[in-house]
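Dear colleague,

Please find below the sequence and structure that I am handing over to you. My findings on the sheet and on the ligand site follow.

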Amino acid sequence: MSKTSGGILPPTINLERASSQPLYRQLYDAIRQAILQGTLREGLRLPSTRSIANELHVSRNIVIIAFEQLLAEGYIESRTGAGTFVTKTLPDEVLQLESVRANGNRALSARGKMWQRLPKIPFPAADPKLRYAPFRYGLPALDELPLDLWGRLLAQHCRKAPVEIAIHGDAAGLRRLREAIVSYVGAARGVRCNADQVIIVNGSQQAIDLAARVLADPGDIAIMEDPGYVGASSALQTTGLKLIPVSVGKDGLRVDLLLKKRLSAKLVYVTPSHQFPLGVVLSLGNRLQLLDWAAQNDAWIIEDDFDSEYRYESKPIPALQGLDRNGRVIYVGTFSKVLFPSLRLGYLIVPEDLVDAFVAMRWITDRCSPLVEQAALADFIAEGHFVSHIRRMRALYMERRSVMIETLRERLGDVLETWDSDAGMHTVAWLPPHVEDSQISAEGAKIGLFALPASGFAIRPLARGALLLGYAAFKPAVIRKGIRDLEPIIRKCIKAPGARMRYHSDRLHSCR
Ligand SMILES: Cc1ncc(COP(=O)(O)O)c(C=O)c1O
């Protein structure tokens with residue numbers, strides 16, 4: 001769009017001097033069309049008639065006549081002293097936009113249409129009232145974020161010479177941040193790597209997507225934990241992979257099934273330190289067997305270590321990556337849980353021989369992550385704020401977790417089984433068999449509670465439903481009230497169980 005003083009004119013407005021149509025009519029048609037197609041949006045301020053005339057090299061009278069016609073028909077409105085605006089409600093606007101929407105799918109590729117076949121997990125919550133609603137999964141304590149400090153760090157870097165922060169950075173990320181990550185993951189997670197192996201990405205989601213693009217071809221097989229993280233399964237599927245679900249037991253992914261059925265695959269996605277959504281930990285035995293299986297089958301392991309910082313009673317189990325002797329593990333870390341999800345910063349740690357391919361793909365698909373945020377984060381870690389924030393949050397979440405588990409046991413202990421997982425930011429509350437978790441979740445949403453159903457993450461039907469109850473973001477009083485409010489819904493659904501729980505999906509290669 002070209003800019004005229006105080007407003008914007010779409011570039012589609014070109015007047016043909018040789019046309020038999022008068023110039024005012026051409027201008028009227030072009031602006032009307034731009035309004036109906038949504039290029040000029042409702043409420044938008046239009047440039048003055050004088051600046052449009054200057055921009056289009058026509059007399060101001062021509063613009064005034066076109067405007068008068070648009071005003072008379074209600075497409076634009078003028079406000080004294082403020083200017084001329086696109087009208088807020090337009091009768092035929094809706095009609096035209098809808099006809100465009102109805103045709104929305106006509107030219108899409110198979111991948112472009114894939115989203116319609118993927119599970120509809122409400123991420124982010126469609127209803128704005130549920131954005132920060134009690135029990136929402138995955139949110140850290142937003143009111144405890146050190147935002148003043150964060151703001152100061154950002155401002156410091158914004159004031160730096162523009163050449164340092166305003167030009168594309170290295171596709172692999174800011175060196176200082178990558179070095180800070182090496183020190184942190186080495187000490188906290190037992191990850192063994194050098195800074196060249198660390199690639200900064202816009203969160204785990206991009207990391208998983210990149211790994212699939214670099215390592216697999218459309219039609220290849222990916223093994224998924226079942227139930228498992230829909231963010232990962234969706235990214236794998238839209239890159240053309242076919243999924244094989246493997247069950248999760250008390251010791252994490254059932255590696256025994258993988259061996260017994262002699263499954264082979266291009267890659268396997270796992271959350272070993274805290275399985276999503278069930279919260280179990282992949283045992284050491286399973287870790288070693290999985291690494292062995294990957295080496296024998298020439299397969300890659302995507303290790304999503306998304307909330308490993310939060311372990312409350314026992315020491316965190318070191319990452320799979322640190323046990324790997326064959327360079328099969330692609331380690332994925334994120335700052336979404338430790339800081340905040342909209343930061344969109346995470347990292348990949350890849351075997352040395354894959355670095356060039358990953359960095360090239362990062363550049364091709366998305367260039368690099370924002371530099372100011374990377375620089376602020378590097379300082380945040382190097383100055384020790386990161387580790388002290390984790391320590392403080394760990395103590396806070398531990399208390400909130402106890403409140404959650406005690407209140408659930410007090411009020412609903414007769415009907416719910418809670419898995420007292422010693423890690424993470426949510427509790428899994430199992431329902432009696434044949435009670436639909438999605439029904440409880442939907443009823444809860446009506447009264448402002450956001451309890452995700454475990455069945456939404458399952459590829460094959462679950463034997464029982466469960467609710468994922470996030471506690472990290474909520475004060476004890478909010479947790480207690482939330483459970484009090486949820487109790488009658490759960491009891492009502494238990495008395496009148498719905499149809500047997502089932503999770504339909506056509507996204508399977510084969511169901512094992
Ligand atoms: C299993 C798992 N991995 C990763 C993430 C974080 O994703 P991102 O880093 O893209 O925000 C989440 C958050 O919901 C998650 O549940």
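Two strands are taken to pair if DSSP finds at least two bridges between them. In this predicted model, 8 strands form an open sheet with mixed pairing, in the order 5-12-11-10-9-6-7-8. Its edges are strand 5 (198–201) and strand 8 (252–253), each of which pairs on one side only.

Within the sheet, strand 9 (residues 267–270) and strand 10 (residues 300–304) run parallel and are joined by 4 bridges. Here L267 stands opposite W300 of strand 10.

Two helices deserve mention alongside the sheet. Helix 8 (residues 175–189) lies across strand 5, strand 11 (329–334) and strand 12 (346–349), and runs at about 110 degrees to strand 5. Helix 13 (residues 355–366) packs on the sheet and touches strand 5, strand 11 and strand 12, its direction making about 15 degrees with that of strand 5.

The side chain of D304 places an N or O atom 2.7 Å from a nitrogen atom of the ligand. For T334, an N or O atom of the side chain is 2.6 Å from an oxygen atom of the ligand, and a polar side-chain atom of S336 likewise lies 2.6 Å from a ligand oxygen atom. On its own the ligand has 400 Å² of accessible area, and the protein covers 93% of that area.

With kind regards

Terms used: Residues numbered from 1 in each chain as written. Predicted model: local features only at pLDDT ≥ 70, side-chain atom pairs only at ≥ 80, totals over all residues. Heavy atoms only, no water. Polar contact = N/O pair within 3.5 Å; in protein donor to acceptor, adjacent residues only side chain to side chain. Areas by Shrake-Rupley, 256 points an atom, 1.4 Å probe, with all protein chains shown as cover. Contact = heavy atoms within 4.5 Å. Axes fitted to C-alpha atoms, helices over the stretch in contact; angles between N-to-C directions.
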